[in-house]
Amino acid sequence: MARRLLIAILALLFGAALNVRAQAIAGSPEYIMALTAEWKGERFPDGRPKVPDDLLDRLKNVTIEECWAELMKLGYQNQYEGDWMLVHETEDAVMVGRAVTAQFMPMRPDLENEIIEQGKKEGRMWEQKRTVSWVINSLVPRDVYVADTYNKEFLGTVIGSNLGKGVFEQTGNGVITYGHIRDLERLRRIPGFNAWCKGYDPSYMRQTILTNYNVPIRIGHATVLPGDAVLAKPGAVLFIPPHLVEHVVLTSEFTKLTDEFGEEMISNHIYTAGQIDSAWSDEMNKRFAVWVRNYHGKMPMTKEQLEACLKERNF
């Protein structure tokens, strides 16, 4: 009996050791699906939620304030990070897409050796120990490469001109890194590319190593999951859970309609600014419902979505 128990324990320990050595660099589709179980829509082969392109296009018009207020109201209070440097600092800079997350850690020889061995098994480029490029080969159009490099400056830059060009060619988007970049002058020559980063350093990555990608990571004050929708604007980035993107977009679009209605009512001296900025009366709500159903502009939402917003309206 004791001998059989000993054999069973040794078998478990041996199996656990094999599982450790077989730990994949990327999160498995099953793992990602478990992390993002509230998403009920289409997914990529890697398991990430595939937020529809049209929602990403509409997300560009959502302000950081509108999105952040709605996320906090829904209990997601750790999705925002500010204080960014951009490769192209313009007032209208915006980037939206689906997050591919990457986790980097300080270099340690034994850890690096194990990661390289696993990379060999997975057919990754390992000859020069350039784990920094592994994630880029997995990117697809409209992805956003989101990397946690723990704000390391010297010998920790995750993106230079070659990798930046690689990211842009794969995705049509840029990079968000809680860390530093290099080759700033050359990155600025890549049309359409942009990066949100914490700073610039001319050194290249030697003392930092990729440990995992498509896993939960921390970007400053924010928790990011693979497949999160990214909304990046000057100085601010939000990571939106996929199952909330449509809600956030519709709420913002409906808010813009109420703002337009309010401005028109004030201009026509029908209501005062104080009335518009306060709780609306039943008469005001009825007038708005008629106004919005006869709206002459381009309605961003469907008729069914509009009616649902009107029913849920509670000013």
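Me: Over the ring of which residue does the charged end of Lys198 sit?
Reply: Happy to start there, with the note that this is a predicted model. The charged end of Lys198 is placed 4.3 Å from the centre of the ring in question. That ring belongs to Trp84.

Me: And which residue lies over the face of Phe44?
Reply: Here the distance to the ring centre is 4.7 Å. A charge counts as sitting over a ring if it is within 6 Å of the centre and within 35 degrees of the ring normal. The residue over Phe44 is Arg48.

Me: How many aromatic pairs does a search of the whole structure find, and is the pair of Phe288 and Trp291 stacked or edge-to-face?
Reply: The search finds eight aromatic pairs. For Phe288 and Trp291, the ring centres are 6.0 Å apart and the planes meet at 25°. Planes under 30 degrees apart count as stacked, so this pair of Phe288 and Trp291, with its 25°, is stacked.

Me: Why is strand β3 largely enclosed by the rest of the structure?
Reply: Strand β3 spans residues 95–106, which makes 12 residues. It is largely enclosed because the number of them that are buried is nine.

Me: Which strand pairs with β3 in the parallel sense?
Reply: Two strands pair with β3 in the antiparallel sense: β12 (residues 229–233) over four bridges, and β9 (residues 208–213) over five bridges. In β12, Leu231 stands opposite Val96, while in β9 the bridge partner of Pro106 is Thr208. The parallel pairing runs over six bridges, and Val100 has Tyr145 as its bridge partner there. That parallel strand, residues 143–148, is β4.

Me: Over which residues does pLDDT stay under 50?
Reply: The chain averages a pLDDT of 90, and 91% of the residues score at least 70. Where pLDDT is low, the predicted coordinates should not be read in detail. The stretch under 50 has three contacts beyond four places in sequence, and it covers residues 4–21.

Technical notes: Residues are numbered from 1 along each chain as its sequence is written. This is a predicted model: local features need pLDDT of at least 70, side-chain atom pairs count only at pLDDT 80 or more; totals for chains, interfaces and linings use all residues. Side-chain values use heavy atoms; hydrogens and water are left out. Buried means under 20% relative accessible area, exposed over 50%, partly exposed in between (1.4 Å probe, protein chains only). Two strands pair if DSSP finds at least two bridges between them. Rings of Phe, Tyr and Trp (its six-membered ring) pair if their centres lie within 6.5 Å; planes under 30 degrees apart count as stacked, over 60 as edge-to-face and the rest as tilted. pLDDT is the predictor's confidence in each residue, from 0 to 100. Contact means heavy atoms within 4.5 Å.
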